[in-house]
Amino acid sequence: MINSESAVIGQPSVRFLGGTESILGSMYLLEFGSHRFLFDCGREIHSRFPRTGLRSFGIDPASIDAVFLSHSHVDHCGNLPYLVSEGFIGPVYCTPATRDLTEVVLLDSARIHENEFARTGRPSGFDSADVEDTIEQFVTVDYESETDVLRIAKIRLLHSAHVLGSCMFQLDFDWNGKSYRFVFTGDMGRFGLPIVGEPTSVPSADMIVCESTYGGRIHDSFQETIEQFTSLIKRTVERQGKVLVPAFSLGRTHLVLHCLRHWMATGLVPELPIYIDSPLAQVIEEVYQEHQSADYLTSGIEFEWLESKDDAWYRTTQRESSIIIASGGMCEGGRILDHLKVHIDDPRCSLALVSHQSPNSIGAQMLAPTPKVRFHGREWNKWIEVAKIGGFSGHADTDDLKRLLADAASDTGKICLVHGETLQKETLEQELKKLGFNNVLVPSFDQRIDL
Ligand SMILES: [Zn+2]
């Protein structure tokens, strides 16, 4: 039993407080002596009761020295305002883009909580004042520069190429006359995807905590994705239909938008009006404009934000062929449903599913070979063409992970696999053993493992 290792007094250790199963928010506590460093503080995405009380784990938030935030997705940052309101006063280290994106994402969550409060009279979560207090504690660090952490440790932030601003952390510290290195990958990106750049190899360490979302899967190549998506657009234009693209507001919307503009500019698809119906993505776009590299901004192809529901209705009911990117990656909510209801029984139109669709989502039901789908209290005829476009994932697959971890294999103590379903972790575990890792572990929830 690995837990018994914690009997070694004074040995640095990590507690796995989340992300040990796919549905839990990412959260890992590195402890040595009285020092406590928290890596990510994510929310359970599908939980109706998102609050994860650290106190229930016997940890006082005020006792944590510093937080390290890998990126701005809610399952990595969503519980930070609770941590602060419950007494955490230390720095939150991240990249400048992650700070700006996290502010937008958390304010969006706060707005939902505030609306809920106005409706029911019951507080349902943190508010915008909590978010502002949280963001004040952020300390930004550039990629690759080595930075001192409270004179206890040194950190280096490495490109993980998962979403704008995402990083992995390398933390070096001395304890009881010994030097240690801890590496937390956060979510790892892929090779060959536009905009986000290429991920950096994972350095060797005494312990690596590594994500495994697609540890047992191989993605479609991006070239295949281009072929699938552009032929779908061309077919739809020939039928004089519209292409609807449900996309998550952070990252996916911007990647798809960049690709569409690039394909139009280079003649891969005909030039069509592009409309985006996602208030959150519009705010996020300002952060992209500030932090993203120049090739994202230049293409000469215009697009239009649909500012109001009236604008959206006007554009979606116009006769012209167009592409509409709308919020709601799995068609579960968001603006996409407004467009889908108009076009779902129109065989000239198409629905391009560019994100993962969880099994019972409306998106998955759209893909199923059935003539009808049920949502919003009625059945709809499914006559629109539905296509799964597989290659936009922002997560490394098995091959990417092997390539990113190969250099670290011979010189790493333990590698702990998190943030993935059992099958993904088991497959990656076998692959990493073949690669030469001697000690591959799959921690369970609230397990403590020594470095
Ligand atoms: Zn992520």
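In the predicted model described here, Met207 stands opposite Lys414 in strand 20. This pair belongs to the contact between strand 11 (residues 207–211) and strand 20 (residues 414–418), which run parallel and are joined by five bridges. Both strands are members of an open sheet of seven strands, in which the order is 7-8-9-10-11-20-21 and the pairing is mixed. At the edges of this sheet lie strand 7 (146–149) and strand 21 (440–441), each of which pairs on one side only. Helix 13 (residues 422–435) packs on the sheet, where it touches strand 20 and strand 21, and the direction of helix 13 makes about 160° with that of strand 20.

A second open sheet consists of six strands in the order 14-13-15-12-16-19, and its pairing is parallel. Because strand 14 (304–305) and strand 19 (385–388) stand at the edges with a single partner strand each, one side of each is left without a neighbour in the sheet. The partner of strand 19 is strand 16 (residues 350–353), and the two pair in the parallel sense over four bridges. Within this pairing, Ala352 has Ala387 in strand 19 as its bridge partner. This sheet, too, carries a helix: helix 10 (residues 336–343) packs on it and touches strand 12 (243–247), strand 15 (323–327) and strand 16, with a direction that makes about 150° with that of strand 12.

The bridge partner of Tyr28 is Phe39 in strand 3, and Phe39 in turn stands opposite Phe68 in strand 4. In general, strands of a sheet pair through backbone hydrogen bonds, either parallel or antiparallel.

Packing between helices is illustrated by helix 3 (residues 96–120) and helix 7 (residues 279–291), whose axes come within 10 Å and cross at roughly 170°. As angles over 145 degrees count as roughly antiparallel, helix 3 and helix 7 are therefore roughly antiparallel to each other. On the side of helix 3, the contact involves Pro96, Ala97, Asp100, Leu101, Val104 and Asp108, which meet Leu280, Val283, Ile284, Val287 and His291 in helix 7. By class, this contact of helix 3 with helix 7 has eight nonpolar residues, together with one polar and two charged residues.

Taken as a whole, the protein chain has a secondary structure of 13 helices and 22 strands. The radius of gyration is 23 Å, close to the 22 Å that the globule rule gives for 451 residues, so the chain is as compact as a globular protein of that length. Taken along the principal axes, the C-alpha atoms fill a box of roughly 70 × 55 × 40 Å. Buried residues make up 46% of the 451 residues in the chain. Among the contacts with a separation of 6 or more, 74% are accounted for by residues 24 or more positions apart.

Conventions: Residues numbered from 1 in each chain as written. Predicted model: local features only at pLDDT ≥ 70, side-chain atom pairs only at ≥ 80, totals over all residues. Axes fitted to C-alpha atoms, helices over the stretch in contact; angles between N-to-C directions. Parallel < 35°, antiparallel > 145°, perpendicular 65-115°, else oblique. Contact = placed C-beta atoms within 7 Å. Nonpolar A, V, L, I, M, F, W, Y, C, P; charged D, E, K, R; others polar. Rg over C-alpha atoms; globule rule 2.2 N^0.38 Å. Buried ≥ 20, exposed ≤ 12 C-beta atoms within 10 Å, placed from the backbone. Pairing = 2+ DSSP bridges.
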